[in-house]
Amino acid sequence: ARAQRGQQDAAAERYAESLAACREPGDRYGAARARMLLGEVERKRGASARARGLYEEALALARSVGSAYIAGLLEGNRAYLAAAAGRSREAVERSRAALAAWRRTGSDTVGLPALVALAEVAVATGDPARALELLGHVLSHPGLRQDHRLEVDRVLSRIRRERPGLETARGLAAGGARRFEELALEALAALPSAR
């Protein structure tokens, strides 16, 4: 835990330096990215309010420069926060925004955080089988990043804790074999809070 904390502190320092370097030349894209990365560090530290603030600042900058890619990742990260806090409706709304950015960019990586958030909402609404499929797709995706993996592991832990008899391996494998768009649209349509 101490080593992980040290890594997070070092990462936060690098991102803060990057943010400072972006301010001087007026690099709004770089500043948006640096704020997003600082927000990820804060989210991993459990400082959700600070992470949310950094994400909101970064989202405003990303939109101001027209970066659908960063805006989509930020909406997905905001969906993580909402889902983890039990705010299912907000998680679904943020996931919809992330998936809209996925359509604009064509990058599945933009939509991966949305799938994880939708998986957590599926668990909360009593559909752990759907959650496993969504998580299985994320785990099998070549664009999987470490921060996605941490969120997947957190949701998987919740499933295993709440439904210890559920066969997780089969559900994860089923999701890995399905297409991104199909899973995302089904998950949105099936959630009571999505309506």
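The mean positions of the 32 positive and 24 negative charges of this protein lie 2 Å apart. The model you are looking at is a predicted one. Its secondary structure amounts to 10 helices and 0 strands. Here is a quick tour, from the overall fold down to single residues.

**Overall shape and surface**
- A compact globule of 195 residues would have a radius of gyration near 16 Å, and the 17 Å of this protein agrees with that.
- Along the principal axes, the C-alpha atoms fill a box of roughly 55 × 40 × 30 Å.
- Of the 195 residues, 50% count as buried.
- Among contacts with a separation of 6 or more, 64% join residues 24 or more positions apart.

**Nonpolar cores**
- In the largest nonpolar core, which has 35 residues, Leu 118 and Leu 135 touch the most other members.
- Helices α4, α5, α6, α7, α8 and α10 each supply at least two residues of this core, and the largest share, 10 residues, comes from α6 (108-124).
- Leaving out residues up to four places away in sequence, Leu 135 touches Val 116, Ala 119, Val 152, Val 155, Leu 156, Ile 159 and Leu 172.
- A second, separate core has 15 residues, including Ala 31, Ala 32, Leu 61 and Ile 70.

**A closer look at His 137**
- His 137 sits in helix α7, which spans residues 128-140.
- With a relative accessible area of 7%, His 137 is buried, because buried means under 20%.
- Beyond its neighbours within four places in sequence, His 137 is in contact with Leu 115, Gly 175, Gly 176, Arg 178, Arg 179, Phe 180 and Leu 183.

Note on methods:
Residues numbered from 1 in each chain as written. Predicted model: local features only at pLDDT ≥ 70, side-chain atom pairs only at ≥ 80, totals over all residues. Heavy atoms only, no water. Helix = DSSP H or I, 4+ residues; strand = E, 2+ residues; numbered from the N terminus. Buried < 20%, exposed > 50% of the residue type's maximum accessible area, 1.4 Å probe, protein only. Contact = heavy atoms within 4.5 Å. Core = buried A, V, L, I, M, F, W, Y, C linked by side-chain atoms within 4.5 Å. Rg over C-alpha atoms; globule rule 2.2 N^0.38 Å. Lys, Arg positive; Asp, Glu negative; His and termini not counted. Charge placed at Lys NZ, Arg CZ, Asp CG, Glu CD.
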